[in-house]
Amino acid sequence: MFGSTTDSVGVALQWDGTVWSRTGVPSSGDEVSSLNDVTAISSTDAWAVGNAGSSAIGRTLALHWNGSAWTPVATPSPGTRDSTLLAATGSSTSDVWAVGYFRDLPYGNRARHSLAMHWNGSSWSRTSTPDFGDAAHAQTVLSDVVELSPADVWAVGYTNGIGGSNRAVVLRWGGTTWNEAPAPGLASLSSITALSATDIWATGLDSSGQPRVANWRGSGWTVTKAPTPSSAPNAFLPALTAAEPSTLLAVGSTWDSTTGESHPLALRGTGG
C-alpha cells in the first residue's frame, strides 16, 4: 500500500436489503488508504478500520459511520514507519476494539509489534499488548478480534516464534489487561468469532500452509481440516462470522498450486 505512485482510497459499500451501493469515503487527496474491516453497532453507528499515509510512512485509520456519512476519527499510530489496523469489533457506542500491528524505522526493519486500541465513546486509546517471537525477527501480528463482553475480548494472530517458525497467538482481555491465552497448535490464526463464551471459532493455517478450523469449548481447542474442493485444496479464510445462534460463515479463496488459478470460497458450518 505505502510508497505507491498512484493515489488510491478505500471503498465502502452498503447493502439496503436489495442491492449494494457505494458510499463516499473521505480522502485528503494526496495519500493512499486501505480499509481492512468493518463492525456495526447499529444502522447509524459503524466503524471501518485500516491504514492511510503518503510516501513510505503510514498510520492507522478509523472511519465512523453515522447513518449518512463516513468521518475520520483520530487514532494512535505508535509506529515510526507504519501502523495498521486489520480488524474491529464492538458491543456499544462506547465500547469498540481494533487490532493490528506497527513497525518502526529504519525501512529495512521488518519487526512487527502487536497493536490494540479501544474506543470509549469519545476517543481512541492504545492498550498495552504482549509481543512474542525471537530476537532476530520479533514478529507479532493481531489479525482479528471478537468481543463477548466489556471484560472478555479475544484477539488472534501469529508470531514468528523461536527460530523463525510461525505459531498461532491468542490474547484475552479481562477488563484491565491483555494476557496470552492458550492457542491451538497452528502456524497462524486469521479470524475469530463466538457463538457463546464456551463456543468460540477461529480459522488459520497449519505448519504446511493448509487451512484449519479451531473450536474453543472452555477448556481447550479442537482443530479440524477446513473443507475445500479436492481440485484446489489450498485455501485461506480471512473472514469468519456467527450469522445465527448456531450458524458460522467463513469466506476466502482457494487456489490450484499447479495452475495458479484461484477462486472465491465460502463455507457454512454449525456450532453449538
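Guide: What follows is a walk through the fold, the cores and some ring pairs.

Visitor: What kind of model is this, and how are residues numbered?

Guide: This is a predicted model, in which local features need pLDDT of at least 70, side-chain atom pairs count only at pLDDT 80 or more, and totals for chains, interfaces and linings use all residues. Residues are numbered from 1 along each chain as its sequence is written, and side-chain values use heavy atoms, with hydrogens and water left out.

Visitor: How many helices and strands does the protein chain have?

Guide: The protein chain has 0 helices and 21 strands. Both are DSSP runs numbered from the N terminus: helices are H or I with at least four residues, strands are E with at least two.

Visitor: And why does the radius of gyration agree with a compact globule?

Guide: A compact globule of 272 residues would have a radius of gyration near 19 Å, and the protein chain has 18 Å, so the two agree. The radius is taken over C-alpha atoms, and the globule rule is 2.2 Å times the number of residues to the power 0.38. Along its principal axes, the C-alpha trace spans about 50 × 45 × 45 Å.

Visitor: How much of the chain is buried?

Guide: Of the 272 residues, 44% count as buried. Buried means under 20% relative accessible area, exposed means over 50%, and partly exposed is in between, with a 1.4 Å probe and protein chains only.

Visitor: Which residues touch the most other members in the largest nonpolar core?

Guide: That core has 14 residues, and Trp154, Val170, Leu189, Ile192, Ile200 and Trp221 touch the most other members. Strands 12, 13, 15, 16 and 17 each give two or more residues to this core. A nonpolar core is a set of buried Ala, Val, Leu, Ile, Met, Phe, Trp, Tyr and Cys residues joined through side-chain atoms within 4.5 Å. A second, separate core has 13 residues, including Val153 and Trp173.

Visitor: Back to Trp221. What is it in contact with?

Guide: Leaving aside neighbours within four places in sequence, the contacts of Trp221 include Trp154, Val170, Pro182 and Ile200. Contact means heavy atoms within 4.5 Å. Trp221 counts as buried because its relative accessibility is 16%, and Trp154 counts as buried at 1%.

Visitor: How many aromatic pairs are there?

Guide: The count comes to 11 aromatic pairs. Rings of Phe, Tyr and Trp (its six-membered ring) pair if their centres lie within 6.5 Å; planes under 30 degrees apart are stacked, over 60 edge-to-face, and the rest tilted. Trp154 and Trp221 form an edge-to-face pair, 6.4 Å centre to centre with 80 degrees between the planes. Trp154 lies in strand 12 and Trp221 in strand 18, so the pair ties together parts that are 67 residues apart in sequence.

Visitor: What about Trp173 and Trp178?

Guide: Their ring centres are 5.7 Å apart and their planes are at 55 degrees, so the pair is tilted. Trp173 and Trp178 are both buried.

Visitor: Which residues do ring pairs link into a cluster?

Guide: Trp47, Trp119 and Trp124 are linked that way.

Visitor: Last topic: where is leucine 237?

Guide: Leucine 237 is in strand 19, residues 234-244. Leucine 237 counts as buried because its relative accessibility is 4%. Not counting residues up to four places away in sequence, leucine 237 touches Ser190, Thr203 and Leu265, among others.
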